[in-house]
Amino acid sequence: MTLKLLKTIGSFAVALAMAMVLAGCRGADGRDGVDGKDGSDGTQGPQGEPGTPAPGTVINAKALTKEQWGELRLKGEVTGVTMKTPGAVPVVRFKLLDENGTPVSGMTWTSQSSPTAYASYPNVSFSIAKLIPEDSPNGVLMAPSRWVNYIVTTPSNNTDTATWTPGRPSYDNIGALVDNGDGSYEYTFRRDISQVNAQLDAFTYNGTTQIKEDLDDVTYDPNVIHRMTVQVAGAYRGTGTGRTPNTENGQPSVYPAINILGPANLVYDFIPATGEKIAPNDPRGRELVTTAACNDCHGRLGHSFHEGARWDVRYCTMCHTDQRKYGYAESTLTNGAYTGATNKLNRNRAAGNMVILGHTLHMGEKLVNKGYNYAGVLFNEIGYPMDIKNCTQCHRTVHPSGETAAQGDNWYKKPSALACGACHEDGSLGYRTNRGQGHVYQTGSCQQCHNEDGASTYANWSPIKGAPVSAETQTAKIGRHLVRDKTRNNNANPPTSPTSPEIALHNFEYDLRSVTRNADGNLTIVFRIKQNGAAITNSGSFPAAASGFTGGPSFYIMYGRPQDGNPTPADFNYYGSVSLANILNGNQGTLSANPDADGFWTATTNDAATGAAIQAGAVMVTCYMTGGYVQAGDLPATFNTTAGGHIAKRVTPSKRVLVGGITGNAARRSIADVNKCNDCHDLYGSSLPLRAYGAHGSSQANDPSLCAACHQQRNGNGWSSNMVNLAHAIHAPGKRTDEYRRYPTSGALAGRPMGSAGYPGVLNNCEQCHLPGTYDFSNAQSQAALPNLLWTTAATGAPNANWPKTYGIDTTRNYGTGPATGTGAAVNGGLDNLVNSPITHACAGCHDSEAAIAHMRANGGYFYARRGDLSRDKDVTPDSPLPRTPFPKSEGCLFCHGSGKIADIKKVHSKF
């Protein structure tokens with residue numbers, strides 16, 4: 001075939017040459033020949049994939065491919081709800097759109113398995129609940145308002161006169177759905193909600209797991225607020241191996257479910273008797289939190305449960321009612337520990353009630369009682385990433401996104417025993433049960449004592465948030481739920497009392513104007529400290545132990561120097577420090593006699609400040625001003641939650657500047673955004689769980705770039721502690737094969753898994769932490785850094801029992817001394833150290849399975865490889881000042897995973 005083609009090409013070339021020669025001879029033109037006959041039509045090609053509909057058209061869901069279904073993101077709205085008579089059969093009208101605003105029709109597949117009574121719609125479901133108003137005699141809250149779901153019965157036989165069996169709150173999708181073809185639908189419920197109470201009365205209960213009162217008061221009341229929800233989600237037709245397949249006969253498919261990427265949750269509040277639509281900010285409603293507040297930590301609420309179909313907290317609250325305890329016996333609590341499942345807690349509480357679930361779940365490892373197990377979730381193992389008393393993280397009337405919760409201040413204005421007892425669950429608040437109203441409450445009311453205006457009959461009244469000066473005692477009351485640091489979400493200090501001004505929590509701000517290496521190699525540092533907003537202009541007034549403070553800031557010098565044959569590394573591998581205290585006392589420098597007009601002082605380090613020395617060849621030389629003041633423990637005992645006083649907290653991140661006086665000095669690339677860290681941690685470095693474990697004390701490093709400066713690539717004792725591994729491994733316990741242990745050898749944390757508490761966000765949403773373009777190396781800074789990324793030292797020294805058992809660790813070997821930290825010209829680790837190549841190490845923070853590691857190694861990555869085998873300098877000692885042969889640059893990750901490639905990092909991590 002090839003030879004024939006070459007001959008044909010050759011003949012064509014000869015003919016063309018002859019034609020050109022003849023044309024050049026100017027011979028007479030010949031007459032045109034007769035046109036040939038048209039050839040026959042070719043075979044029709046296969047039909048192409050359906051294209052994206054043009055704006056203004058309608059998407060037919062039934063015409064979508066499985067790939068298009070899996071990329072679909074939906075939104076919409078309920079346009080109205082009426083009650084069909086006789087009785088009260090809900091009829092709901094709604095619209096469905098894709099993310100671009102194009103109407104979506106065709107969501108009318110049905111499924112019916114034998115011997116169920118009715119066919120169902122596997123991709124659409126509806127629920128309805130009523131809001132029972134709060135019980136507030138004389139303005140004092142005795143019981144909060146609560147949602148009661150009507151959908152607590154299931155048809156039990158295959159006839160039109162089916163009997164109805166009681167159950168926990170669910171949904172209706174066995175009615176009649178009309179598709180209007182333009183993205184609008186109308187659905188008529190199968191259930192008459194005015195008959196639910198009679199259906200429950202007709203059932204015979206066993207009195208142990210089946211108690212009618214546990215299903216609350218489901219009497220239809222058209223005069224109170226009702227909530228209608230519509231969920232559009234689920235599997236592509238013909239897929240789904242779990243309990244909710246989308247198949248004609250309702251049986252599991254042989255194909256895994258391909259679910260809608262962005263399900264729709266539509267919520268509509270209204271009063272049936274009048275048809276009035278209730279706005280989210282209506283004072284009659286019950287909006288205690290916003291979905292946006294949940295998503296600060298969770299990224300997308302619901303991504304890890306209910307097949308990702310339910311993500312609106314307003315939907316959660318109407319199914320997670322006190323009715324969720326139905327069908328369970330009360331859990332046994334013995335010596336402060338539950339055994340078995342804890343669906344129905346002691347004192348007749350439903351663990352699944354959203355009020356209890358939200359508080360108890362987040363209280364987590366701080367719970368007094370042990371053994372919680374709700375739906376397989378072990379509450380006692382949950383670690384909350386900020387101060388648990390920071391109620392405003394979830395409860396705010398207005399979220400920065402603009403989403404509102406009209407009753408967001410109820411946590412301190414209308415405290416209830418139901419909510420308070422969910423965290424204070426050891427029974428110390430003196431509950432008594434009132435079965436039949438779906439709640440528990442104290443004798444009297446929380447609000448009688450824990451109010452904000454001091455109007456209490458008790459001299460020792462204790463507000464929850466904090467209160468102004470009491471008319472009775474002329475003193476302020478410290479709020480029980482004020483966090484110990486001033487944070488962006490709980491930003492009020494304890495109130496200052498006329499008689500006790502010292503109870504105010506002081507706040508410090510650092511301002512680092514410049515740092516320059518002077519002619520003699522020392523540093524000139526220009527800085528300012530503000531205390532409570534005012535610059536400190538008297539050096540004798542810098543807070544110290546004598547004035548009620550300890551600690552204070554230090555100046556950290558970070559830079560990169562040659563390592564492993566890399567003369568200009570893109571990562572820090574050295575740091576040193578000089579404290580302000582040692583400059584003030586003359587040990588490490590001197591301070592100007594006075595500040596300038598703006599309050600800036602000038603400090604100059606001396607030869608004794610060896611930690612601040614900058615070595616030849618240093619790059620990315622950066623100075624950080626960081627470290628917290630600790631306010632002495634002179635606050636009331638009710639507020640003093642930790643030994644050693646309170647952090648006198650600055651409200652801005654640790655300050656950093658490039659060091660001047662160094663030719664070509666440039667900043668290290670930015671990777672993470674402290675504001676994104678604060679979405680979960682509130683004030684990064686302030687309430688990190690590590691501080692509770694005794695790590696970092698009051699250093700208060702509240703900038704992730706500063707963490708990276710100390711948690712460098714040279715640190716490894718079987719488990720690397722560099723920031724790349726630390727951040728990924730701690731946040732990825734659900735993905736990792738081996739639990740990450742930062743401290744395998746000594747101390748209180750020896751062998752303790754880190755990150756075992758779980759990660760609340762969407763793990764593959766890299767931009768929940770990272771700046772765009774950093775994790776996929778698509779921005780200019782990250783691209784420029786690629787050739788000079790440092791390899792990570794993963795193992796040094798002799799193994800012990802807490803070292804990883806995989807990764808090729810040999811417990812009979814000693815892996816040598818790690819990279820030098822002294823004053824040598826280069827950082828050269830021991831030849832027996834185990835090291836990881838840069839991209840492989842980052843990816844292995846989450847993807848550490850044997851298959852994933854094998855894939856990386858097969859494509860040029862190195863994981864727990866011997867340093868000496870890579871440097872090829874067999875005779876070079878760890879202390880040698882000579883640069884080693886550069887490590888191989890063989891990682892092929894970005895050939896497939898680079899921007900725009902077949903498995904683009906950003907694209908494959910954006911499936912959420």
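Predicted model: local features only at pLDDT ≥ 70, side-chain atom pairs only at ≥ 80, totals over all residues.

Trainee: Why is N665 called buried?

Mentor: Buried means under 20% relative accessible area, with exposed over 50% and partly exposed in between (1.4 Å probe, protein chains only). N665 has a relative accessible area of 17%, so N665 is buried.

Trainee: Where in the chain is N665 found?

Mentor: N665 is in the loop between β31 (655-660) and α11 (674-681). Helices (H or I, at least four residues) and strands (E, at least two) are DSSP runs, numbered from the N terminus.

Trainee: Which residues is N665 in contact with, leaving aside its neighbours within four places in sequence?

Mentor: They are V619, M620, V621, L658 and V659, where contact means heavy atoms within 4.5 Å. V621 is 44 residues away along the chain, and its C-alpha atom is separated from that of N665 by 6.6 Å.

Trainee: What makes a polar contact between N665 and V621?

Mentor: A polar contact is a pair of N or O atoms within 3.5 Å; within protein, one must be able to donate a hydrogen and the other to accept it, and residues adjacent in sequence count only if both atoms are side-chain atoms. A polar atom of the N665 side chain lies 2.9 Å from the backbone nitrogen of V621. The N665 side chain also reaches the backbone oxygen of V659, at 3.0 Å.

Trainee: Why is the pair of W791 and F887 called edge-to-face?

Mentor: Rings of Phe, Tyr and Trp (its six-membered ring) pair if their centres lie within 6.5 Å; planes under 30 degrees apart count as stacked, over 60 as edge-to-face and the rest as tilted. Here the centres are 4.8 Å apart and the planes are at 75 degrees, so W791 and F887 are an edge-to-face pair. The two residues are 96 residues apart, and their pair links distant parts of the chain.

Trainee: Are W791 and F887 buried or exposed?

Mentor: W791 has 9% relative accessibility, so W791 counts as buried. F887 is buried too, because its relative accessible area is 5%.

Notes
Residues numbered from 1 in each chain as written. Heavy atoms only, no water.
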